[in-house]
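Subject: Structure for you to look at

Hello,

Here is the structure I promised to pass on. Please open it beside this email and follow along; my notes come after it.

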Amino acid sequence: MGELRADRAVCIGAGMCVMTDDAVFDQDDDGIVVLLNENPEVDEKVRSAVDACPSGALSIREE
Ligand code: SF4
């Protein structure tokens, strides 16, 4: 398990997360990350998106 967190203050709008998993991530009009589901299942795709994020805005809190 684990809890996905997206820090919109850190996000630089690179969009890597959306390209990696558009079922979980979206971007608002300014390009800043939005989670489509507040508590998505943290699967391999989500982990790939966290790894791909260049700003460090995404993190997974392991429980
Ligand atoms: S990959 Fe990171 S910096 Fe880029 S939009 Fe997603 S959260 Fe923001």
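The chain has two helices and four strands, where helices (H or I, at least four residues) and strands (E, at least two) are DSSP runs numbered from the N terminus. Along the sequence, these elements come in the order β-α-β-β-α-β. The radius of gyration, taken over C-alpha atoms, is 10 Å, close to the 11 Å that the globule rule gives for 63 residues, so the chain is as compact as a globular protein of that length. That rule is 2.2 Å times the number of residues to the power 0.38.

This is a predicted model, in which local features need pLDDT of at least 70 and side-chain atom pairs count only at pLDDT 80 or more, while totals for chains, interfaces and linings use all residues. Residues are numbered from 1 along each chain as its sequence is written, and side-chain values use heavy atoms, with hydrogens and water left out.

Of the 63 residues, 35% count as buried. Buried means under 20% relative accessible area, exposed over 50%, and partly exposed in between, with a 1.4 Å probe and protein chains only.

Beyond its neighbours within four places in sequence, Leu-4 is in contact with residues including Val-24, Phe-25, Pro-40, Val-46, Val-50 and Ile-60; contact means heavy atoms within 4.5 Å.

Now to H2. Its residues Val-46, Ala-49 and Val-50 are buried. They lie on the same side of H2, because they cover an arc of only 100° around the axis, the arc being that of the directions from the helix axis to the C-beta atoms. Their cover includes strand S1 (3-6), H1, strand S2 (25-27) and S4. The face turned away from the buried side carries the exposed residues Glu-44 and Asp-51. At the start of H2, a side-chain oxygen of Asp-43 reaches to within 3.2 Å of the backbone nitrogen of Lys-45.

Regards

Technical notes: Polar contact = N/O pair within 3.5 Å; in protein donor to acceptor, adjacent residues only side chain to side chain.
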